[in-house]
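Reader: Could you take me through one part of this model in some detail? I'd like to start with the core and then follow the pieces around it.

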Amino acid sequence: MKIGVVGHGTCGKDTVAELLARSGRLVLDKEYCSTSVVILDELLRMGAYPPDWSRNKVYEARRTDRKLWYEIGRGMCVFDPAYLVRQCLLKSDIVVGSRAVEEIAACREGRLLDLVIWVHRPGTPTDPTMKYGPEMADLVINNSGDLLDLERRVESLCGFISWR
């Protein structure tokens, strides 16, 4: 089973991925489950940030440099719209952060992901680099409560998933 977790920035995607992995049925490589980490590696290779910046500092810059990160990610996907997802799937059963319509469409066409979950957190600002909405997902998890509420929602979802 391969699962994509998507949604606007800071809506709880990473937390949902970690909770899904608790099922014991999915491999979650915390570093390489995010498409942002694949982009990070490319930005570091390109020397896009000052050489004295740590890997973590460059990674945190994704929050303020969203447009740059999006553009680099799309450039990496010119020949294969699902490239970022494929790279994540080499190490993880859960992929976090797909942002482009063509990326999700290619994942569906290539049967790379069995399930796409949109994480919705009311009040989260709309992310201009997110090029689709919950209509592209198979289901939506509402992250409007506390962590315990989210844990219950993901645990309930795991009870309905047909594991293969």
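Author: Happy to! The largest nonpolar core has 31 residues, and those touching the most other members are Val 6, Ile 39, Trp 69 and Leu 113. A nonpolar core here is a set of buried Ala, Val, Leu, Ile, Met, Phe, Trp, Tyr and Cys residues joined through side-chain atoms within 4.5 Å; buried means under 20% relative accessible area, exposed over 50% and partly exposed in between, with a 1.4 Å probe and protein chains only. At least two residues of this core come from each of helix 2, helix 3, helix 4, helix 5, helix 6 and strand 3 (115-120). Helix 2 gives the most, 5 residues. Helices (H or I, at least four residues) and strands (E, at least two) are DSSP runs, numbered from the N terminus.

A word on the model itself: it is predicted, so local features need pLDDT of at least 70 and side-chain atom pairs count only at pLDDT 80 or more, while totals for chains, interfaces and linings use all residues. Residues are numbered from 1 along each chain as its sequence is written, and side-chain values use heavy atoms, leaving out hydrogens and water.

Now to helix 2 (residues 35-46). Its buried residues are Thr 35, Ser 36, Val 37, Val 38, Ile 39, Leu 40, Glu 42 and Leu 43. Their cover includes helix 3 (55-60), helix 4 (66-76), helix 5 (83-89), strand 2 (94-96) and helix 6 (101-109). Just after the helix, Gly 47 has a positive phi of about 70 degrees.

The structure holds 0 disulfides (pairs of cysteine sulfur atoms within 2.5 Å). The sulfur of Cys 33 is too far for a bond, because its closest cysteine sulfur, in Cys 88, is 7.0 Å away. Cys 33 is also buried, with a relative accessible area of 5%.

Finally, back to Val 6, which sits in strand 1 (residues 3-6). Both faces of this strand are covered: Ile 3 and Val 5 are buried on one side, Gly 4 and Val 6 on the other. Strand 1 pairs with strand 2 in the parallel sense over 3 bridges, where two strands pair if DSSP finds at least two bridges between them. Ile 3 has Ile 94 as its bridge partner in strand 2. Strand 1 also runs parallel to strand 3, joined by 4 bridges, and there Val 5 is partnered by Ile 117.

Terms used:
Contact = heavy atoms within 4.5 Å.
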